[in-house]
Amino acid sequence: MIANLLQEFAAPLSTEQVNKVKDAIGDLSIEQVNWLSGYLAGLAATGSAVGLKDVSAVVGQAGSLEQSSQSLAQKSALQTPTSQQKQRVVTSTILYASQTGNARGVAEKLYQFLLQANNKAVLVDVADYNPKLLKKEQRVFLITSTHGEGEPPDDAIELHEFINSKKAPDLSSLEFAVLSLGDSSYEYFCQTGKDFDEAFARLGGKRLFDRVDCDVDYLNETQAWSKQVLEHLERENNLAECSTNASVNIATEQAPHLRVVEPDNSSFDKFNPYPAKVLDVVSITASGSTKPTLHVEVDLEESGLTYQPGDALGVWPVNQDELVKQTLNALSLDGTVEVTVGEETKSLFEALKNDLELTQVGPQFVSWLANFSGSSELISIAQDRAKLSKFILKFQVPELLAKYFDVVSRPSFDAQTFISQLRRITPRLYSIASSQDEVDEEVHLTVGLVREFRNGSERNGAASTLLSQLQTDDVVKVFVEKNKNFKLPENSSTKIIMVGAGTGIAPYRGFMQQRAADNAAGNSWLIFGNPHFSTDFLYQLEWQQYLKKGVLSKIDLAFSRDQSEKVYVQDKIREHSKAIYEWIQEGAHLYVCGNKDRLGQAVENAFIEVLKTQGDKTEEQAKATLTEMKKAGRYQKDVY
């Protein structure tokens with residue numbers, strides 16, 4: 001029938017041409033003919049004689065529609081289709097896996113960057129992502145941090161397991177690029193990013209450009225990577241424009257299977273902190289405590305910053321003058337000499353005080369000092385990643401210089417060369433110890449003083465020392481770091497078990513303030529540890545009040561040095577394993593907060609033992625149960 005219609009309206013064509021067209025389209029459907037007619041109309045609209053001759057030649061060939069379409073595309077790639085035709089544009093999925101918020105922040109910046117340049121993108125948290133849908137993606141920009149000893153962030157565990165399992169899909173239709181955040185102080189630097197990058201490629205994905213691994217001072221690298229992403233998309237868009245009019249309505253490929261995230265549009269963030277006034281700084285440990293701890297209150301009025309219990313407050317530190325002087329003396333450098341940091345020119349003293357890390361040592365600095373000093377001992381350490389990770393925890397920058405750098409026997413170098421080996425100073429995160437439903441536009445912190453005596457000198461932490469010296473109305477630069485991986489259950493009737501030691505009690509104070517404000521019906525159990533009851537029971541009166549009012553249902557205390565045999569929070573978990581298992585069976589959420597080395601793994605092992613003994617499970621089954629609880633948000637950790 002289509003061929004007959006063609007004969008009726010074929011006046012401009014010769015009989016031979018009509019027969020050629022009949023041969024080419026004789027078995028086409030109405031839909032296929034409509035597509036071809038639109039394409040031919042577009043060529044006619046340009047008045048392109050060459051294009052029409054090409055079409056005539058192609059139509060004259062016998063063969064299927066697919067063959068004809070391919071030939072037309074090859075011969076007419078630069079021709080313009082009609083305004084009714086739509087050029088499909090692939091939407092970029094920005095997928096992020098974040099533990100403390102850094103990866104989320106970078107992903108949000110990239111998302112806004114692409115939208116401002118009129119690129120189609122969606123922002124997706126891996127926590128809300130079904131791994132089985134990965135095979136539907138056409139382009140993914142993955143931004144991920146690494147947690148613990150090379151482990152994926154809690155939210156990424158499921159996706160990480162999936163792509164490394166037998167169920168992993170063919171990803172040959174996927175284009176991808178990976179940005180990995182990490183800390184080179186750790187042995188397994190950026191391991192999660194490496195894992196995802198390798199897995200995507202192994203499953204057939206096309207790597208758009210090489211993975212970028214970022215250290216703790218990641219701003220410049222992430223900005224360069226985002227620019228690389230944009231430049232790639234612009235090249236793609238330019239190619240698309242070659243085959244479409246500016247007036248063409250672009251058909252964007254939506255992503256209905258994704259739960260899209262709305263970025264945080266607060267005007268203050270990590271790289272634009274809020275200058276907040278200090279309201280109060282008081283000691284909450286008694287005289288003689290081996291772990292001096294402060295309660296700090298900061299005013300957020302007029303900042304627009306909001307937070308939820310479980311979030312963290314970032315504090316930008318400065319180095320103490322004495323530490324700067326020790327560094328300069330070790331190198332015989334003049335602090336008034338000018339240096340360039342980023343795009344700013346300032347004195348060396350000012351740069352060391354405000355911009356560069358002196359209390360923490362990076363692997364790059366150790367490698368540089370090893371080569372410069374010629375120390376065989378330091379060279380050996382620098383070449384062993386496992387030894388290096390432990391070694392750098394024992395020194396601050398001036399200590400290393402004093403030990404390994406001989407200013408007399410070694411050739412001098414300029415100040416700019418020296419500072420280029422140091423890390424940029426980074427903010428310290430403190431678990432927030434309050435709820436805004438209780439304290440309004442304030443934010444409270446529980447700050448443990450970092451203080452150690454080594455080699456006859458006192459070594460202090462940059463941020464904790466700064467906070468300890470602040471007076472009322474002094475200003476400190478802060479920002480809120482969201483932590484959705486450490487949150488109260490949505491249902492306030494759910495039971496919670498809170499395990500913490502030292503300053504790990506901070507978020508639980510916020511939890512209790514929130515539960516009191518919500519009149520929560522769910523039972524709450526605190527297991528807290530510190531060295532001594534008499535000096536180190538943080539917020540003691542408040543916990544007693546919460547118990548009296550019923551906001552806190554149960555409390556167990558582990559003061560490790562109050563008896564001959566040391567008792568820790570993990571021992572309390574084992575002691576009450578039956579009751580804890582019953583709470584778990586009733587849907588309780590578990591929380592762990594404190595030092596990752598002294599607390600994190602020990603408490604996790606104790607919970608595994610509870611599941612194993614009380615649940616009659618094997619070791620592997622107990623671990624699998626705890627992993628499932630992590631995925632479900634029922635086992636959450638805030639360890640540092």
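This is a predicted model: local features need pLDDT of at least 70, side-chain atom pairs count only at pLDDT 80 or more; totals for chains, interfaces and linings use all residues.
Zoom out and you get an open sheet of six strands, with antiparallel pairing, in the order 14-11-18-9-10-15. Strand 14 (428-431) and strand 15 (442-448) are the edge strands, and each of those pairs on one side only. If you look along the sheet, the twist averages 40° from one strand to the next.

Now let's move to strand 18. How many of its seven residues are buried? Five of them are, so I'd call strand 18, residues 475-481, mostly covered. Strand 18 has two partners to look at. With strand 9, residues 274-283, the pairing is antiparallel and runs over four bridges. Here Pro-275 stands opposite Lys-477 of strand 18. With strand 11, residues 312-315, strand 18 also pairs in the antiparallel sense, over four bridges. Here you can find Ala-312, whose bridge partner in strand 18 is Glu-481.

While you have the sheet on screen, here's a general point: in a regular strand, side chains alternate between the two faces of the sheet.

Next, the aromatics. The count comes to 26 aromatic pairs. Let me pick out Phe-486 and Tyr-508, which form a tilted pair, 6.2 Å centre to centre with 35° between the planes. Which parts of the chain does this pair link? Distant ones: Phe-486 is in the loop between strand 18 and strand 19 (496-501), while Tyr-508 belongs to helix 19 (residues 506-518), and the two are 22 residues apart.

Phe-365, Trp-368, Phe-372, Phe-405 and Phe-418 form one cluster together.

Last stop, lysines over tryptophan rings. Lys-495 lies over the face of Trp-583, at 4.7 Å from the ring centre. And Lys-554 lies over the face of Trp-525, at 4.9 Å from the ring centre.

To wrap up, if you want a place to begin, go back to the six-stranded open sheet, then step over to the Phe-486 and Tyr-508 pair. That's it from me, thanks!

Conventions: Residues are numbered from 1 along each chain as its sequence is written. Side-chain values use heavy atoms; hydrogens and water are left out. Two strands pair if DSSP finds at least two bridges between them. Axes are lines fitted to C-alpha atoms, for helices over the stretch in contact, and angles run from 0 to 180 degrees between N-to-C directions. Buried means under 20% relative accessible area, exposed over 50%, partly exposed in between (1.4 Å probe, protein chains only). Rings of Phe, Tyr and Trp (its six-membered ring) pair if their centres lie within 6.5 Å; planes under 30 degrees apart count as stacked, over 60 as edge-to-face and the rest as tilted. A charge sits over a ring if NZ of Lys or CZ of Arg is within 6 Å of the ring centre and within 35 degrees of the ring normal.
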